[in-house]
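Hi,

Here is the structure I promised to pass on. Have a look at it first, and then read on for what turned up.

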Amino acid sequence: MNKNKLTNLKEDLKKNQIEIMLYPSRCDGCESEGFMACVKACETHMNEKYGSKYTGARINIKKKAGKFFPVICHNCEEAPCVDACMPGARYKDMETGWTITNYKKCVGCWMCVMSCPFGAIDRVEKDHFASKCDGCADEDTPKCVEVCKKGALKRIGIKNYSYERRLMVAKKIYGPYIKSNIKG
Amino acid sequence: MKYVIIGNSYAGLSCADAIRRFDKTGEVTIISDENYKAYARPLISYYLEGKTTDETIWYKDDDYYEKNSFKPMLGKKVISVDTAAKKVIIEDGTKIDYDKLFIGPGGVPFVPPTEGFNIESPMMGTFTKFDDAKKMKNAAKMAKNKEAIVVGGGLIGLKASEGLKALGLHVTIVELLPRVLGLALDEISGNITAKRLNENGIDTATGETVTKINLDASGNPVSVILKSGKELIADIVVVGVGVRPNVSFLEGSGVKIDRGIIVDKTMMTSVKDVYAGGDAVVIYDVINKRPNIIAIVPLACEEGRVAGTNMAGVYREYPGGMGLNAVEIYGLPIVTIGLTNPANDSQKVYMFQDDEKVYRKLVYDGEVLVGAILLGDIAGSGILSAIIRQGLKCLKYKDEFLNGNIYSFVIDNEFEIYNINEGYAIRGDFEDLPEFSRTNWR
């Protein structure tokens, strides 16, 4: 543990800010398995969490000519969707830092759908609300991250992240001589 | 430091939050002429429909003011501002000192001169405040013939008529322009919207105005006479033509006013230490490239935040905004962004229409997208508004946008930015990641 202190994920997660990181180049839409694991997992989890209303996956995978892109909330610092929310349903949670939604207040005015620069907010016609990822802040690991076997979605602390990126660059320049001790 | 904020709504509260972010100890007083804590003003129509209740209409949590140690002064009308002595004067004579002042007074409803219109009548009114909604709720119960006339086919008018319809009234919208939502929509989308309204029992009389309201002995409306001479039965008359900046109390304060309050890039007015934001200010319109009053919620929040940051002593500039709006009319979502009707010949229009279900329209100025209408299918409309606001060149994506494949732009662009396997970043810093997102957004 001491040896790998810098890249010890548990330590890092405990001490530093946690984010879900996105590596779109690793996403292949789980095509070989025939379904998108993260979307499925999110859908199941939301059903458990909310019961009958306010369900549906908060993550989506868009495809374009062989490229896959997981569309998910990027948790903007000064979020346009919070500014645009007329009923005050969407807010920044001060403890977790995530932009979350009080669906009881949502009336379906679609102002946030109109403002999200990532297109990460969905208009759900059936229950008439705007659904958005809440970062699974109350969970240990978000379900979508848990099931992603391709390494496209990762939960990572800042130390780990910066270390990983340095390694990536080094690897690109020096090729096979450098071995990463990070799995995934 | 003593901060005083006039206006207890989107701009004012966003300003207060920004002040609190940088100044934990400063004294913040929030003055409002309405005797309510902050409520979601545009939701008053949903209140009539019952989608929003007395419990959920409040904009912030119950303990919002105490938690942030803001001092609310509700039900106090500001009659003038003495900028020389740095005092705000309240109707009852109280004078409040300030070091920094924020003015977010919003708008007052504009009522075109109409014979017979009397705001005091319980069956007539405007539709911008919580009290207006409560008044209409009572009026609907008293209406004998269950007939209502809404003057104005803009957002306020449409939402008011939807609310009144939900209360069991038959509603007729009287609009001067040839279509509903005339400033935001074009002919095709306007017709689709009007048809949707008509199908749901709301009549539209476009190209018309109310010239006279006939009153009964107690001063309540009986019928209205239209410009064309037609007479319509009316128990309730609601005027929702639009709003004007609420700036009359600033007379003699030295704050420069030209239609709205004039502000600089830091949201400061012509008087030092007096800042302004919200529906009453003139800001730079990035689409039309001129100063303009843009009265929408997202911009009010942004302006308030920039003003509050500067008031707390941290320099920040506001780059300007653009008009955009989203509305749903009986299950038909409509998003309008930027310039929806081309202003000159150099701008090209591309359209896609699938019967009356889906309609998309893009307005290009050269290679730059300057405006869009999305009707029916609004998925990914936020991406378009980001593109339009930043003035990105995206002519080659026009066919994909028209076919509703708006995400393709994000996939192409973000793929480059996020793909760290290609690795050009050397220092791991979250903020230097996506050029397309986060801090660059404003």
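Where in chain B is Leu181(B) found? Leu181(B) sits in a loop, the one that runs between strand S11 (170-175) and helix H6 (187-199) of chain B. Before going further, keep in mind that this is a predicted model.

You will find Met267(B) in the loop between strand S19 (260-262) and strand S20 (274-276) of chain B. Met267(B) has 28 C-beta neighbours inside 10 Å, so it counts as buried too.

Now for the sheet. Chain B has an open sheet of 5 strands, in the order S3-S2-S1-S7-S20, with parallel pairing. Strand S3 (70-74) and S20 of chain B are at the edges with a single partner strand each, so one side of each has no neighbour in the sheet. On average, neighbouring strands of this sheet are turned by 20° against each other, ignoring direction.

If you zoom in on strand S2 (residues 27-32) of chain B, you can see that it pairs with S3(B) in the parallel sense over 5 bridges. Ile30(B), for instance, has Pro72(B) in S3(B) as its bridge partner. Helix H1 (residues 10-22) of chain B packs on the sheet and touches strand S1 (2-6), S2, S3 and strand S7 (100-103) of chain B. The direction of H1 makes about 175° with that of S2(B).

Next, the nonpolar core. The largest one has 173 residues, and those touching the most other members include Met111(A), Phe102(B) and Ile236(B). Leaving aside neighbours within four places in sequence, Ile236(B) is in contact with Met123(B), Ala139(B), Ala143(B), Ala148(B), Leu164(B) and Leu169(B).

Last stop: helix H7 (residues 297-311) of chain B. At 1.5 Å a residue, its 15 residues should span 21 Å, and the end C-alpha atoms are 21 Å apart, which agrees. H7(B) is largely enclosed by the rest of the structure, because 15 of its 15 residues are buried. After H7(B) comes Gly313(B), with a positive phi near 95°.

Cheers

Key
Residues numbered from 1 in each chain as written. Chains lettered and ligands numbered in written order. Predicted model: local features only at pLDDT ≥ 70, side-chain atom pairs only at ≥ 80, totals over all residues. Helix = DSSP H or I, 4+ residues; strand = E, 2+ residues; numbered from the N terminus. Expected span 1.5 Å × (residues − 1). Buried ≥ 20, exposed ≤ 12 C-beta atoms within 10 Å, placed from the backbone. Core = buried A, V, L, I, M, F, W, Y, C linked by C-beta atoms within 7 Å. Contact = placed C-beta atoms within 7 Å. Pairing = 2+ DSSP bridges. Axes fitted to C-alpha atoms, helices over the stretch in contact; angles between N-to-C directions.
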